[in-house]
Amino acid sequence: MVSSLGGWNILGGLKASVSFAWGWKGSGGTLEKDEVVREDSPRNVGGKELVYYGEPDFLGLGQLREAWEGRELLYSFFKRDLLIRYRQVFVGVLWVLVQPLLGTLIFLMLFHFLGTQRTGASQGGGRLGDASLILIGMLFWQLVNNSLRDATGSLVNYRHVITKIYFPRMLLPLSSLMCALFDLMVGFVLLVPVVAMANAGVEWWRVWGVVPALLWLVLFCFGAILWLSSLNAQYRDVGYALPFVLQIGMFLSPVVYGYERIEGALSPAWQILYTANPVASCIGIARWAVLGAPLPPWLGMVLAAAITATLVISGLIWFQRSNQSMADRI
Amino acid sequence: MDAIHADGISKKFRLGTLGEHQRLTEALSKGLRRWMAGASGPQAERQEFWALREVDFRIGHGEVVGIIGHNGAGKSTLLKILSRIVTPTLGRVGVRGRVGSLLEVGTGFHPELTGRENIFLNGAILGMKRSEIRRRFDQIVAFAEVERFLDTPVKRYSSGMTVRLGFSVAAHMEPDVLIIDEVLSVGDQAFQNRCMGKASELGGQGRTILVVSHNLAAISNICSRAMLLDKGRIAVDGTAQEAIDRYLQGMRADTGMACWEDGSGPSSQDVRLTRVSVRSGAVTDSLERGVTSSVAIDQPIRIEIEYEVLRDGVQNTSQVHLKDENGVFVFSSGNAPSMCERADSSYGKPMSRGRYLSVCEVPANFLNDSRYVVSVFLGPEIGRPTVSSESVLVFSVADTGAMRKEYLGSWYGPVIRPRLSWSTELVD
């Protein structure tokens, strides 16, 4: 072990991630038992192993385990973020609804005044059909937008704590993701009546397709925030560049228009490239599930899945590497 | 059984690059330039600094260990590595049981959240489970004395309340290994005493504790063992007293002397000041020995004034004013017979040309542990100086714990701390 100190330790590391428990909590298994014994009695650490602080493993799986062990802290961070958001706010949670609702209305009006180009809902439903199409796009995009936006700054904003105490740092961007997910869930409340009123011919067996679409999008956001948050800890440019990227991303993804509108305008090769964007694929699947819109091309979805997987795996590896020097460089 | 293993920890920092590499474009262009310049590109611009070198120790279960050293000796880096915040460049750290690190009081408090919410958040950051926090909630609140303000946002708390609450959460964390950095130096006096008390109490419960402090008295009181860090290495690893002694000796390398060898000192027609120095301990003949800016509280202090008499037949007196760091006037003393314990034989006599040395001796166990500012005056009569050098020297008196064996309280407040005679007799 001594020879591999401080460096990558591919084989030993995998073992290490299992046996070297997280110092923050000690060796998890014996903790519960100890707790009963130790109330105000002299310490008994006899049952505990001397554990060395985790060395990097190849895929950064140790940190996932750590994050799981720290789920109570994740909940605390999540609760804190929500509490802070709605402290000294009058209408409270309604703010979550205002953003997608206003966005949808604005785009509906825009399309109306610009010569009422249909947004591409294949099924009927008129304006309300358009509204539900845009709303799905908006809600999903809001998840990407809010999680990336909040997670990018999450580590930097918490640097006074990161440099003072150890905890699984991945929990901070994860908490931002959870908040964005919370917003999405609240937003779904809005979607149900709109879709119902649109009478868009919802098929109940298909609606469950929203779940994998959402999980996929969450996975994509997870990979992205691993990169963004830790990069931003070192290079603040990331935080400045992100708003542009998000703005461009919103128009490059079928957020306010249906995927079919692109279909006619692009050659097949470009179509595949277009749907290789995981956000586009996820929204496409969700619209298929709720509104019966056509699914994005398979090849595009496979590419998007590959991109998502790459993002998550590389994100885990990078985050772990970055974590080693985070307190020094943040 | 060992609680902490530190195996050859070294930590390297790169000077100057911390702020410089904050921009991605710079990092990219630098990488590009280095790549174009070939692998042997200029690396010299990057200065390296080893904050810790080959630090190697084991701490047994239940030991209370102090870490002392000058600023920049690597104490905080060591604590950060032990609490896993910073990864060592070389070496590794192993710990048995749960680690609680308290490098700052109230880490992660959010001003918008109420006291109650912050207790749960802060506790969770420190690594407590919700059930644990809930179980100790009442104790935490009682210790911090914030019962009435539990549902008030912490931003409306006074700073004292915030600090109390922060410490209280941390103190109830009950880790197996507790790492404390200078926490004892914040807050008001009563709070510091309680921190000290709590730390001793935790030590008494068989927890392993590591403390960094500049408060030597606290170290000598609660620590059975201490390590002195010097320039990133362990200079002493022994009893608290050994480490403190070496630490104070090391300080003697600092100034403690103001010197005007080239005749530029403050002067009048008759006399010119050439040197003022503070010396600790008994009289020695060598000039450099014992000159210090830091004196142990149980050592006598010699304030030496060296001056040159420029004309034959001059009468001269020397006088010293001592103020503490808050500007409180501690004493004024001169070499007139009525002001001295033993008369100064040269007082009132005409002096021939040459160098003279006046020494004012302040007894041991007299000043408190504080910083003191020396002003020096020369002139034909006491109180009418013709040469003055205000605030010429600063020295500090360091509490070695010599007067704290039976007393855990604080000496903060009084300017002096003399040892006086006491007796108690049965009279009836």
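Chain A holds 16 helices and one strand; here helices (H or I, at least four residues) and strands (E, at least two) are DSSP runs, numbered from the N terminus. The model is predicted, so local features need pLDDT of at least 70 and side-chain atom pairs count only at pLDDT 80 or more, while totals for chains, interfaces and linings use all residues. Residues are numbered from 1 along each chain as its sequence is written, and chains are lettered from A and ligands numbered from 1 in the order in which they are written.

Let's look inside chain A. Of its 330 residues, 46% count as buried, meaning that 20 or more other C-beta atoms, placed from the backbone, lie within 10 Å of the residue's own. Two residues are in contact if their C-beta atoms, placed from the backbone, lie within 7 Å. Among the contacts in chain A with a separation of 6 or more, 82% are between residues 24 or more positions apart.

Next comes the largest nonpolar core, which has 177 residues. Such a core is a set of buried Ala, Val, Leu, Ile, Met, Phe, Trp, Tyr and Cys residues joined through C-beta atoms within 7 Å. A:Leu217, A:Cys221, A:Ala286 and B:Ala226 touch the most other members. Helix 6 (residues 126-157) of chain A gives the largest share of this core, 15 residues. Leaving aside neighbours within four places in sequence, A:Leu217 is in contact with A:Phe140, A:Leu143, A:Val144, A:Val279 and A:Cys282.

Now see where the two chains meet. On this side, 47 residues of chain B are in contact with 37 residues of chain A. Strand 4 of chain B gives the most to the side of chain B that touches chain A, with seven residues.

How values were computed: Buried ≥ 20, exposed ≤ 12 C-beta atoms within 10 Å, placed from the backbone.
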